[in-house]
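These are my notebook entries on one chain.

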Amino acid sequence: MTTPSAISDTQDPSLLASISHTWRALRHRNFKLFFFGQSVSVIGTWMTRVATSWLVYRLTHSALLLGVVSFAGQIVSFLLGPFAGVWVERLNRQKLLVWTQAAAAVQSLALAALTLAHVINLWEIIALTALQGMINALDMPGRQSFLVQMVDSRDRNDLSNAIAINSSMANGARLIGPAIAGLVIGIAGEGWCFLIDGVSYFAVIASLLLMRIKLMDTRRHTNSMLEQMREGWNYVREFRPIRTILLLFALISLMGYSYSVLLPIFAGQVLHGGAYTLGWLTTASGVGALTSGISLAARKSVIGLTRMVQIAVAMLGATLILFGLSHTLWLSLVLMVFVGFGLMQCASVSNTIVQSLVPEDKRARVMSYYTMAFFGGAPFGSLLAGTLAHRIGAPHTVMFTGAFCVAASLWFTFELPKIRAIMRPIYEKMGLLPARDINPISEMQEAVQEAAK
């Protein structure tokens with residue numbers, strides 16, 4: 001006998017039908033265009049991430065400055081987050097994404113020109129990284145809220161499948177991009193990675209221009225931007241499930257993602273390798289992240305995702321502690337697979353839960369807080385990781401951040417029953433869960449009271 005909170009997925013007897021279900025969001029033409037265009041672009045993005053880290057490490061050999069560069073880009077996105085959500089709701093999201101992708105292409109090509117000319121310095125890297133942060137502040141909430149228009153369906157399970165496929169695509173590129181970057185850096189240098197990335201943006205721009213999107217009314221807002229920002233903040237603050245999920249994601253962004261800024265240190269000093277080793281470490285985490293994305297795409301419902309977040313955060317913390325203890329390449333690569341899986345489960349599942357709960361008229365504003373949860377935690381986490389690694393070493397720093405993630409998982413365990421009580425009547429109304437026969441009105445009243453706390 002299954003419990004109401006159990007996952008209701010059933011095994012399809014047909015393997016072909018199961019595969020078709022896993023990729024069902026691709027039946028939507030616009031999302032299919034985005035998928036293939038973005039697949040090319042994200043490979044270039046990962047090449048730039050690896051190349052930037054290695055370039056900074058090659059120029060400075062400083063863990064602290066690796067953290068500073070990461071901080072410079074992410075803090076800008078964090079500060080612009082509340083404004084970005086309101087702007088996105090007032091703009092045509094298709095046109096907005098075309099412009100953000102074009103601006104990102106210019107940024108990567110500028111990095112390429114300066115690096116290939118052998119005149120780039122640390123301050124130019126920081127400035128261009130900050131520019132990318134400005135672009136991301138608009139691009140991320142715009143892209144997340146645009147998924148609804150690309151899928152063009154009221155079925156929340158199709159939307160969750162699109163989010164999972166999007167994550168799988170990004171992490172498939174995460175496998176390919178760092179591996180290519182390691183080879184390109186070793187053969188020709190970092191500048192060629194930036195050049196390839198700059199050119200790759202034209203693929204996603206083309207896919208956006210080819211879409212046929214039903215225009216949304218962006219002039220429906222009569223309130224001022226300040227009033228809209230306050231309304232969005234009050235919704236996030238008062239609605240317990242979204243508040244809890246975003247807070248957990250912010251904590252994981254603060255500590256869980258900070259290991260990545262130290263990977264050049266692990267590659268060069270702990271594991272005694274070079275750019276190839278860095279590429280393999282990043283690729284290994286991509287294997288885990290891709291596995292996570294595919295497992296989420298295969299799901300038939302959003303029910304049960306909160307439990308998955310709890311498990312993923314605990315796994316992430318434990319494997320980060322073990323990674324800090326490892327001095328062997330093969331073991332570090334295995335642990336990176338689990339780190340990547342845990343991080344992607346947390347990020348994608350958090351995204352899916354939030355998108356399944358938020359009303360359409362607040363979607364962009366709420367997703368801007370999702371962006372802020374990442375870009376608020378990650379820059380301070382990167383700066384903290386760089387500072388701690390400078391004082392106590394990269395291995396001890398990663399072990400500390402892993403212990404923090406384990407503690408965050410324990411906190412979420414105590415919050416889980418409270419947010420499930422609020423989420424259940426919402427999912428019942430959507431038809432995602434069967435309505436219970438025992439005091440449904442009383443249960444709804446209890447959920448409303450919990451939400452008001």
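Handedness first: I call a crossing left-handed if the near helix is turned anticlockwise from the far one by less than a right angle, and right-handed if clockwise. The model is predicted, so I kept local features to pLDDT of at least 70 and side-chain atom pairs to pLDDT 80 or more, while totals for chains, interfaces and linings use all residues. Residues are numbered from 1 along each chain as its sequence is written, and side-chain values use heavy atoms, with hydrogens and water left out.

**Entry: overall make-up**

I counted 16 helices and 0 strands in the chain. Both are DSSP runs, numbered from the N terminus: helices are H or I with at least four residues, strands E with at least two. Of the 453 residues, 57% are buried. Buried is under 20% relative accessible area, exposed is over 50%, and partly exposed is in between (1.4 Å probe, protein chains only). I then looked at contacts, meaning heavy atoms within 4.5 Å. Among those between residues at least 6 apart in sequence, 87% join residues at least 24 apart.

**Entry: H2 against H11**

How do H2 and H11 pack? I found an angle of about 135° and axes 11 Å apart for H2 and helix H11 (residues 275-297). Axes are lines fitted to C-alpha atoms, for helices over the stretch in contact; angles run from 0 to 180 degrees between N-to-C directions. The pair is therefore oblique. My classes are roughly parallel under 35 degrees, roughly antiparallel over 145, roughly perpendicular from 65 to 115, and oblique for the rest. The crossing of H2 and H11 is right-handed. On the H2 side I noted Trp 46, Val 50 and Trp 54, which meet Ala 275, Leu 278 and Thr 282 of H11. This contact has 5 nonpolar residues, 1 polar and no charged. Here Ala, Val, Leu, Ile, Met, Phe, Trp, Tyr, Cys and Pro count as nonpolar, Asp, Glu, Lys and Arg as charged, and the others, Gly among them, as polar.

**Entry: H4 against H5**

Helix H4 (residues 93-116) and helix H5 (residues 122-151) pack at about 155°, with axes 9 Å apart. They are therefore roughly antiparallel. I read their crossing as left-handed. Their contact holds 12 nonpolar, 9 polar and 4 charged residues.

**Entry: the core**

A nonpolar core is a set of buried Ala, Val, Leu, Ile, Met, Phe, Trp, Tyr and Cys residues joined through side-chain atoms within 4.5 Å. The largest has 114 residues, and Ile 242, Ile 252, Leu 262 and Ile 353 have the most contacts inside it. Helix H2 (residues 29-60) gives the most to this core, 12 residues. I followed Leu 262 beyond its neighbours within four places in sequence: its contacts include Ala 63, Ala 385, Ala 389 and Val 398.

Buried or partly exposed: which is Thr 45? At 22% relative accessible area, Thr 45 is partly exposed. Thr 45 lies in H2 and, beyond four places in sequence, contacts Asp 197 and Tyr 201. Its C-alpha is 9.5 Å from that of Pro 178, 133 residues apart in sequence.

Thr 277, in H11, counts as buried at 13% relative accessibility. With neighbours within four places set aside, I list Ala 267, Leu 271 and Leu 329 as contacts of Thr 277.

Thr 371 sits in helix H14 (residues 363-392). At 2% relative accessibility, Thr 371 is buried. Thr 371 touches Met 140 and Pro 141, not counting residues up to four places away in sequence.
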